[in-house]
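Good morning, and thank you for the time. I would ask everyone to keep the structure in view while I speak.

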Amino acid sequence: KEACGALSRILIRFVLGFYQSDFSLCVPASVCLEKLYRHMNSLVLDEMAEAAAKDGKEMVVTEEDRRTKVPNKDYWQNVGVALYSVCRSPDPEVSRHGYEICNRVVLRAPLREIPCDKWMAILYLMVNKQPPSAADLSRANTFVLLGNTLMRVLPYLSKRQRKPDDDEDADVVE
């Protein structure tokens, strides 16, 4: 699991162009990052099942769980931010790839799996970080991604109400 975390950090740096502002590897790095994200989730779910078994509880991890559960919310957000940067690329093909991969990772995450603050952070990023105005296709991709995210997330967020005296996400009532 630690090796996956280290590799994720390296891949995120390639996706974001941290190495001398070189974005030439952002597409292959984002493909690897998506696969690593799925693998890391699977490892964490297996670890949770083992811990439950040690406590005498049974936790069955199904293939559906492996595809839909988000055991590490911070990791989901970090991967989502990196993948959105690919969608913002001025290159039309890179942007299209980023749009598709963001749909698979960010938009397919079950709403209840992600805390409100994480959804809000992703929405804030999408609103405030746009491609250059000359990159029409990239702007269209980010706009459609933002619109789809808003349509999916806002009804869910608007139904949630907080208890009056507490700010913890665990105390959210529906």
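R38 is partly exposed, with a relative accessible area of 28%. Please bear in mind that the model before us is predicted. The side chain of R38 meets that of E34 in a salt bridge, with a distance of 3.7 Å from N to O. E34, for its part, is buried, at a relative accessible area of 12%. Both residues belong to helix α2, where they lie four residues apart, about one turn of the helix.

A second pair sits in helix α5. E100 forms a salt bridge with R96, and their closest N and O atoms are 2.9 Å apart. Being four residues apart in α5, these two are separated by about one helical turn. E100 counts as partly exposed, at 32% relative accessibility, and R96 also counts as partly exposed, at 36%. Salt bridges that share partners join E34, R38 and R104 into one network.

The closest N and O atoms of K69 and E113 are 3.7 Å apart. K69 is partly exposed, with a relative accessible area of 33%, whereas E113 is buried, at 18%. The count of salt bridges comes to seven.

I turn now to helix α1. The buried residues of α1 are C4, G5, S8, L11, I12 and V15. Seen down the helix axis, they fall within an arc of 125°, so they line one face of α1. That buried side packs against α2 and α4, while the face turned away from it carries the exposed residues E2, A3 and R9. After α1 comes G17, whose phi is positive, near 75°.

In soluble globular proteins, nonpolar side chains tend to be buried together. Here, the largest nonpolar core has 40 residues, and those with the most contacts inside it are L33, W76, W119 and L145. Helices α1, α2, α4, α5, α6 and α7 each supply at least two residues of this core, and the largest share, eight residues, comes from α4. Leaving aside residues up to four places away in sequence, L33 touches S8, L11, I12, V15, Y75, V79, A82 and L83.

Note on methods. Residues are numbered from 1 along each chain as its sequence is written. This is a predicted model: local features need pLDDT of at least 70, side-chain atom pairs count only at pLDDT 80 or more; totals for chains, interfaces and linings use all residues. Side-chain values use heavy atoms; hydrogens and water are left out. A nonpolar core is a set of buried Ala, Val, Leu, Ile, Met, Phe, Trp, Tyr and Cys residues joined through side-chain atoms within 4.5 Å. Buried means under 20% relative accessible area, exposed over 50%, partly exposed in between (1.4 Å probe, protein chains only). Contact means heavy atoms within 4.5 Å. The arc is that of the directions from the helix axis to the C-beta atoms. A salt bridge is a side-chain nitrogen of Lys or Arg within 4 Å of a carboxyl oxygen of Asp or Glu.
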